[in-house]
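Subject: A structure for you to explore

Hi,

Here is the structure I promised to pass on to you. Have a look around it, and then read my notes below.

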Amino acid sequence: MSSPTHLFATVPKRSARAAAAPFLPMSRAEMDALGWDACDVILVTGDAYIDHPSFGMALVGRLLEAQGYRVGIISQPDWLSADAFRVLGQPRLFFGITAGNMDSMVNRYTADRKIRSEDAYTANAEPNKRPDRAVTVYAQRAREAFPGTPIVIGSIEASLRRIAHFDYWSDKVRRSVLADSKADLLIFGNAERALVDLTHRLAAGEDIKTIRDLRGTAFMVPHGWLPGPDWGEHNSTRVDVPGKIDPIPDPYAMAKEDKAACATENAATAPEVLKPIRIMSREERLAMAKEKHNKTVVRLPSYETVSTDPVMYAHASRVFHLESNPGNARAIVQAHGERDVWLNPPPLPLQMDEMDGVYDMNYARAPHPSYGNAHIPAWEMIRFSINIMRGCFGGCTFCSITEHEGRIIQSRSEPSILREIEHVRDKTKGFTGTISDLGGPTANMYRLSCRSKEIETTCRRLSCVYPSICVNLGTDHSKLISLYRKARAIPGVKKILISSGLRYDLAVRSPEYVKELVTHHVGGLLKIAPEHTETNTLSKMMKPGIGAYDEFKEMFDRFSLEAGKKQYLIPYFIAAHPGTTDEDMLNLALWLKKNNFRLDQVQTFMPTPMAMATTMYHTRKNPLHKVTADSEVVETARSGKIRRIHKAFLRYQDPDNWALLREALIGMGRADLIGNGDKHLIPAWSPGEAGGKALVAEQRRTAPAPVSKPAPGPAAARGARANALTGSLTARAAIETKARPSILDTIKVKKPAAAPAKGGKPARAAAPARGRK
């Protein structure tokens, strides 16, 4: 691989390069106003063009502009012909193709495969402004518009489709997007390093088909291609099976040794070869092993194999994810017919000053003027927010952040973040003093990292916080607390909210951080994501037990009370995740009712490309452990009805779900939870249901008799007690029958302290209760 250079090492001095364009041009008229006869690079995106660092095309466009290149934008082109791809002329260097900030299929379809009625990244939320699998369609149209012009694809859609992958929307395994789009190069993950190096090398006259040494890139090559004669291949096209076991020789055997059996066939004729023995130091041996490691490519099972064999697909997924740490990842290759898809190791993370440079560029921080006063929901959501970091070491199996941005946290410096807050205050229209978010993929991983750089570069764990927080992970939140305090002190800033998802199992390691957050940065409601309550499901998600939620809630309530504020947690849960049974969803519904939660917005698991949970959904195998034909089977809700039932459990209070839930509960032998009492989950019937009583009676009459279970023995009782201590609800058979107060009544406003008598000490308020539930 080529040695990484500083991202801005080749940036010409400001006096030696053209002034930054107010907006990157989207038309020939704008190019003429800038005095451009042609663009060096044209970026095609499925989103509306908003010149803000939270939008990928603006970020990479401004980055290339800072390197001295002329960059144009084609936003949401009409893909039915190539004409829309000719509006800016032919780029001198390449087309950069992206679907936008979101995967086009996730953007267009719900988890039930229904077309969404709105697109948050389009002016006035207008739907259907991008095609399905936009990267492939745009790349083909750009090739049609200007044959021979290099095509480079990227963004999260291309990144998550860089190898053969399960496609939920067609319910089959699809080829790498490289094979379908016919692109010359794919840049995956954070693209800045590879994009800058690639652009400089193309500008210097190199052929894109010869650029094969950039980290974070993928391309297609002839089958069996290797970068050089000193490279080797590690074959991982089959699962591990026991090999031949040779018998151990008996040291007491009296049989005479047959030295002739050890002789080779040509021993009598071959000349004797003497090889000197070289004694190497430990450092030399390690260097040689590292050199061999770095020049080894891992061959995955071919597309043809994984598309028909679920076990091999799961095996390939596990091998792929184990080669994701940029410190020790090897190149990966996968055959697609007579050609190979070659993936170089992931990109190296940006250093702090490089991150600062990326976010400190001259953004207009507004939508392109061509949109006028159109409402763009995604812009409204982030216009007053600040991105302070990238990456996530949580490794949640249903999330694709790790596959795209990596596990190593890349953070900006305090001065850079504070400068951007001032830019929001001074340049963004409509700012009233509230910063809507200081965060990123997570709210509280800012500047957290492994305590040892050596360990970090050699680690192959899929998560730094599951099944428990790694002892080598630094969890000190003091730098984030300092940032919050300095940000609040900026003149003109009245309030700073934290809207990014909070990793509460990390937050409880720093009570000072929780107090700072709850006291100053919660606007009444704080979103967190336990995702589930049952250990069976959480183990497939790589999420902590519900006990961590209870611990955080105790802190949250206590510090809210001390601050004199009524504030509430809004938990997020996922229905129909792989490994979730009907009983798991029932227990979650009972937990919700016990805690008086009535959820409005709930989500059903959506299998996105390359996620490990998607592998479980497709193959019924668990890639978190060694995969074989006989390894753990992961049951998952695939049929539409079961997925609807699981989602209905999350909204047990909705009358539209009662008929479906009654049928499910009776089938599970839990008709005792149907009734109009406080101990019941759903009512026996609702007034609007015709023949409701007769319907329930008929369902109960025809329902199968519940299977009686033997009384648990001492070991089972100990297991139930252990589950209760760790927060699992598997052992709970029913909810409490006593009346429960509303959760909104469980937090009381702290009364002001009484005025002290003259010369006396202030009266001390009663200490809040600190008991754990």
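A cavity here is a set of points, on a 1 Å grid over the protein atoms alone, where a 1.4 Å probe fits but cannot get out. Its volume is the space filled by probe spheres set on those points, with grid points joined across faces, edges and corners.

Before going further, please note that this is a predicted model, in which local features need pLDDT of at least 70 and side-chain atom pairs count only at pLDDT 80 or more, while totals for chains, interfaces and linings use all residues. Residues are numbered from 1 along each chain as its sequence is written, and side-chain values use heavy atoms, with hydrogens and water left out.

**The cavities**

The structure holds 7 cavities of 30 Å³ or more. Around the largest cavity there are 37 lining residues, and Ser 324, Pro 346, Thr 402, Glu 403 and Gly 406 lie nearest its centre. To count as lining, a residue must have an atom within 4 Å of a point. By class, this lining has 18 nonpolar, 11 polar and 8 charged residues; Ala, Val, Leu, Ile, Met, Phe, Trp, Tyr, Cys and Pro count as nonpolar, Asp, Glu, Lys and Arg as charged, and the others, Gly among them, as polar.

Which helix gives the most to the lining of the largest cavity? Helix 13 does, with 4 residues. Helix 7 (192-203), helix 10 (310-322) and strand 12 are also among the elements that each supply at least two residues. Helices (H or I, at least four residues) and strands (E, at least two) are DSSP runs, numbered from the N terminus.

The second largest cavity holds about 280 Å³ of space. It is lined by 21 residues, with Arg 407, Ile 408, Cys 450, Glu 456 and Cys 464 the closest to its centre.

**Strand 12**

Strand 12 has a parallel pairing with strand 11 (residues 296-300) over 4 bridges, where Ile 332 is the bridge partner of Val 298. With strand 13 (residues 339-343) the pairing is antiparallel over 5 bridges, and His 336 has Arg 339 as its bridge partner. Two strands pair if DSSP finds at least two bridges between them. Strands 12 and 13 form a hairpin with 2 residues between them, and Gly 337 in the turn has a positive phi of about 70°.

**Aromatic rings**

A search of the whole structure finds 19 aromatic pairs. Rings of Phe, Tyr and Trp (its six-membered ring) pair if their centres lie within 6.5 Å; planes under 30 degrees apart count as stacked, over 60 as edge-to-face and the rest as tilted. Tyr 168 and Tyr 617 have ring centres 5.9 Å apart and planes at 75°, so this pair is edge-to-face. The pair links distant parts of the chain, 449 residues apart. Tyr 168 counts as buried, at 2% relative accessibility, and Tyr 617 counts as buried at 2% too.

Enjoy exploring!

Notes:
On a 1 Å grid over the protein atoms alone, a cavity is a set of points where a 1.4 Å probe fits but cannot get out, and a pocket is an open set with protein on both sides within 12 Å along at least five of seven lines; lining residues have an atom within 4 Å of a point. Buried means under 20% relative accessible area, exposed over 50%, partly exposed in between (1.4 Å probe, protein chains only).
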